[in-house]
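Colleague: Can you walk me through this one? Start with the surface, then go inside.

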Amino acid sequence: SYILHFPVKKELLAMEPKASVTSPQDRPIPRWSLSSSSGLHYGSFVNSLSSLTPNAVDDKPATPPRRAYIAVAVLCYINLLNYMERYTIAGVLTDIQKFFVVSDSTAALLQTVFICSFLLLAPLFGYLGDRYNRKYIMIGGLSVWLVTAAGSSFVTESLFWLLMLLRAMVGIGEASYSTIAPTIIADLFTGAQRSVMICVFYIFIPVGSGLGYITGAGIATFTGDWRWALRITPILGVVGLVLLVFLCPNPPRGAAETHGEGVTAQSSYLEDVKYLLKNKSYVWSSLGVTATAFLTGALAFWTPTFLSRAQVTQGLRPACIKEPCDPTDSYIFGGVTVVTGILGGCLGTVLSRWFRDKVPNADPLICAVGLLGSAPCLFIAIFVASASIPATYVFIFLGEVLISLNWAVLADILLYVVIPTRRSTAEALQITVGHLLGDAGSPYLVGAISDAIIKSKSETRDWSFPSLKYSLLVCPFVGIVGGLFFLMTALYITEDRKSAMRLVEG
């Protein structure tokens with residue numbers, strides 16, 4: 001059975017003397033029990049938590065505001081480092097290929113193995129995050145991340161397999177953090193404040209990704225050794241670990257909605273999954289997240305290399321024969337990613353708050369417009385690269401702004417259609433599906449298509465640029481499919497959100 005707890009006033013308890021009462025927070029609370037035989041229809045239960053509405057108002061914050069803001073700052077800092085580390089590899093990819101002498105598809109395995117371990121462990125951390133101390137889980141995962149990320153910088157040229165193994169282990173730390181951190185923010189704030197804090201947190205995804213290119217290429221150029229690019233984030237991560245230990249609280253689940261009391265639940269993992277699979281908004285939006293992950297994963301990994309090869313084709317620079325290679329494209333693309341991430345994330349949140357009261361299903365429509373609009377921009381950017389690099393950057397900029405509309409809005413959708421006690425599991429499953437079918441394979445797929453095109457052509461011409469250009473065409477197509485997924489989400493989200501606000505009647 002699924003048992004949902006939330007606090008009420010003592011006067012109400014006095015009126016129901018037969019209620020089964022427990023005191024996990026040293027406060028009297030009644031217990032409601034819903035049999036799993038009912039199929040756990042997602043609309044039939046959920047505590048009527050005020051913050052699940054956009055205009056929720058709390059009389060008293062569950063966590064002191066200053067402490068809550070400090071906690072968000074710490075979580076954002078670590079999120080920044082996570083994504084910096086993830087894309088540092090892409091910033092020095094050409095150097096790594098020259099050092100280990102590997103093809104496009106083999107180089108792309110560095111990202112694939114990382115994402116595979118990340119997605120395989122996400123469900124485990126989601127399960128643990130809904131049941132155990134979330135702060136301790138993040139501390140343990142971050143510690144593993146620091147050690148393995150630093151260790152990967154000491155691999156010698158004959159041990160490429162070891163570099164892949166260490167990259168896979170880095171995914172352990174990121175899986176523990178990415179599934180749990182958003183749920184802590186959700187338990188610190190409600191309503192409009194929550195939307196803003198989630199927006200800030202998710203803006204650091206593109207910002208961190210962009211800085212990953214910049215710092216990776218910059219450190220490699222400054223030191224003359226790409227290995228130092230892999231050491232900078234672990235060094236900064238030690239600071240993040242200390243801040244996490246001393247400044248980040250572990251609020252009770254649902255604390256923001258229940259004035260610090262928290263919501264507890266007793267359910268099996270299978271029941272949690274059944275609940276989520278019956279939530280149509282969650283399912284369709286997760287498919288949209290998958291398409292977004294596929295698109296951004298492929299573009300993030302290959303765009304600097306694609307632009308570098310385009311300039312070689314145009315005769316603007318010589319081909320790189322030996323590392324270190326020219327890092328200019330990593331700098332520029334990193335800067336574009338930072339700016340578009342901030343601009344798109346803020347614009348998406350503003351549009352969401354502006355239209356939410358006027359158009360109940362505005363959030364998935366914003367996501368749909370973002371992906372559908374990015375497809376033609378990316379298509380043009382891919383083909384104009386052989387003629388004009390500045391024009392290419394213009395269309396990349398527009399495409400990334402449109403894609404970045406989604407980041408904060410997607411997180412908000414999950415938080416208001418899923419109850420507090422199942423948010424970590426929901427985050428974990430969405431991460432698993434999104435990465436499994438998304439960016440776990442997209443960099444490798446693009447690299448494999450590129451290699452296949454090269455092998456099918458004659459050796460009288462350099463096909464390294466055209467092959468990568470044609471293989472990247474898969475990205476605009478996936479963007480269109482993702483937009484359709486969000487349009488499907490828009491059909492169900494109004495009812496699902498209302499279902500998430502209904503009071504459970506005992």
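Colleague: Which residues form the nonpolar patch on the surface?
Modeller: I70, V238, V242, V245, F246 and L247, with about 500 Å² of accessible area together. Patch residues have over 30% relative accessible area and no salt bridge, and nonpolar side chains are joined within 5 Å. Areas are Shrake-Rupley values with a 1.4 Å probe. A salt bridge is a Lys or Arg side-chain nitrogen within 4 Å of an Asp or Glu carboxyl oxygen.

Colleague: What is the model's origin, and what are the cut-offs?
Modeller: It is predicted: local features need pLDDT of at least 70, side-chain atom pairs 80 or more, while totals for chains, interfaces and linings use all residues. Numbering runs from 1 along each chain, and side-chain values use heavy atoms, without hydrogens or water.

Colleague: Which helix gives the most to the patch?
Modeller: Helix 8, residues 232-247, with five residues. Helices are DSSP runs (H or I, at least four residues), numbered from the N terminus.

Colleague: Now inside. How many residues has the largest nonpolar core?
Modeller: 119; L75, F100, M138 and L244 have the most contacts inside it. Helix 2 (residues 65-91) gives the largest share, 14 residues. A core here is buried Ala, Val, Leu, Ile, Met, Phe, Trp, Tyr and Cys joined through side-chain atoms within 4.5 Å.

Colleague: What does L244 contact, beyond four places in sequence?
Modeller: V74, L75, I78, K135, M138, I139 and L142. Contact means heavy atoms within 4.5 Å.

Colleague: And N79, buried or exposed?
Modeller: N79, in helix 2, is buried at 3%. Leaving out residues up to four places away, N79 touches Y177, F201, F204 and I205.

Technical notes:
Buried < 20%, exposed > 50% of the residue type's maximum accessible area, 1.4 Å probe, protein only. Helix = DSSP H or I, 4+ residues; strand = E, 2+ residues; numbered from the N terminus. Patch = residues over 30% accessible without salt bridge, like charges linked within 9 Å, V, L, I, M, F, W, Y side chains within 5 Å.
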